[in-house]
Amino acid sequence: MNTSASFYNVLRKALRKRKMNLEGLCPSADAVARRVLEDYGAIFVAGAKVTPPPVCVFVSEEQVANFQRAAGIAQEIINNDQIELQPEAMKALLKARAEANKEDLDITPRDGSEAARRNYDDSVRLWNTRFLPALDYWTSKGRLSGDQADRLRSLPLHDQVSEVLALEKSQIYFSKDLSKSILYSIAAPGTSQHIAMLAFDVAEFQNPRVREILGKHGWFQTVLSDLPHFTFLGLKESELPQHGLKSVVIDDQTFWIPNVSEHS
């Protein structure tokens, strides 16, 4: 069994090659950014053909558009939906689909074109599909007052995310089923791997052979609890531990997440 390298050690080395540093990517004083990095930062230690984002949290549509333009956008029609990904991610997905098709299987988008590339506004809209109903629920249960709810609604997005994560410590959860962190249900605005064009939500995620084929072509599950979500890392599974990722098996599905247990 391979022992996983330290995620932060691997990340620092990767950033030096890009002439970047950890503070520039994800400031240590920003608790939200660091939480995002440790929960689903696998893309930042991906293979050489992957273009990771220059920041942990995008803050505007313009910033996202500039990154996506620089990374390149490949387009394909899959199951009548226009799918957009980084070029290498798309090549690998099409190869995986071709292999699956030979076995009378398929790999198709879950929920249409939104299964792949998203923009900043998409990430805000999706955040609100979790945040607003949960806010109403906890207000109705008396766990939050009307004034608290109004204040949370009015906060700048980054502050809103920070306070939502703080409320989780009191078991006031904002996920769809109100039972876990909102980050396991939807990404914080500006942080989604879909914005990086390195994520694809797979309709056939429950099929173990489909998961195996995707892994063969560099696509892995990297976000705990988000079962349909696959991330293009452009690596072999055997290489993932040396890239600072560790495996966690839940209900027979393997997730590769940052190994931050020895962070210093």
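This is a predicted model: local features need pLDDT of at least 70, side-chain atom pairs count only at pLDDT 80 or more; totals for chains, interfaces and linings use all residues.
Strand β5 covers residues 229–232 and runs antiparallel to β3, to which it is joined by three bridges. Within this pairing, phenylalanine 200 stands opposite phenylalanine 230 in β5.

## Helices α1 and α3

Helix α1 spans residues 7–17 and helix α3 spans residues 31–40; their axes come within 11 Å and cross at roughly 105 degrees. Angles of 65 to 115 degrees count as roughly perpendicular, and α1 and α3 are therefore roughly perpendicular to each other.

On the α1 side, the contact involves Phe7, Tyr8 and Leu11, which meet Arg34, Leu37 and Glu38 in α3. By class, four of the residues in this contact are nonpolar and two are charged, with no polar residue.

## Helices α6 and α8

Helix α6 (residues 120–140) and helix α8 (residues 157–167) have axes that come within 13 Å, with a crossing of roughly 35 degrees. The crossing of α6 and α8 is left-handed.

Tyr120, Val124, Trp127 and Phe131 are the α6 residues in this contact, and they meet Leu157, Gln160, Val161 and Val164 in α8. The contact of α6 with α8 has seven nonpolar residues and one polar residue, and no charged residue takes part.

How values were computed: Residues are numbered from 1 along each chain as its sequence is written. Side-chain values use heavy atoms; hydrogens and water are left out. Axes are lines fitted to C-alpha atoms, for helices over the stretch in contact, and angles run from 0 to 180 degrees between N-to-C directions. Helices (H or I, at least four residues) and strands (E, at least two) are DSSP runs, numbered from the N terminus. A crossing is left-handed if the near helix is turned anticlockwise from the far one by less than a right angle, and right-handed if clockwise. Contact means heavy atoms within 4.5 Å. Ala, Val, Leu, Ile, Met, Phe, Trp, Tyr, Cys and Pro count as nonpolar, Asp, Glu, Lys and Arg as charged, and the others, Gly among them, as polar. Angles under 35 degrees count as roughly parallel, over 145 as roughly antiparallel, 65 to 115 as roughly perpendicular and the rest as oblique. Two strands pair if DSSP finds at least two bridges between them.
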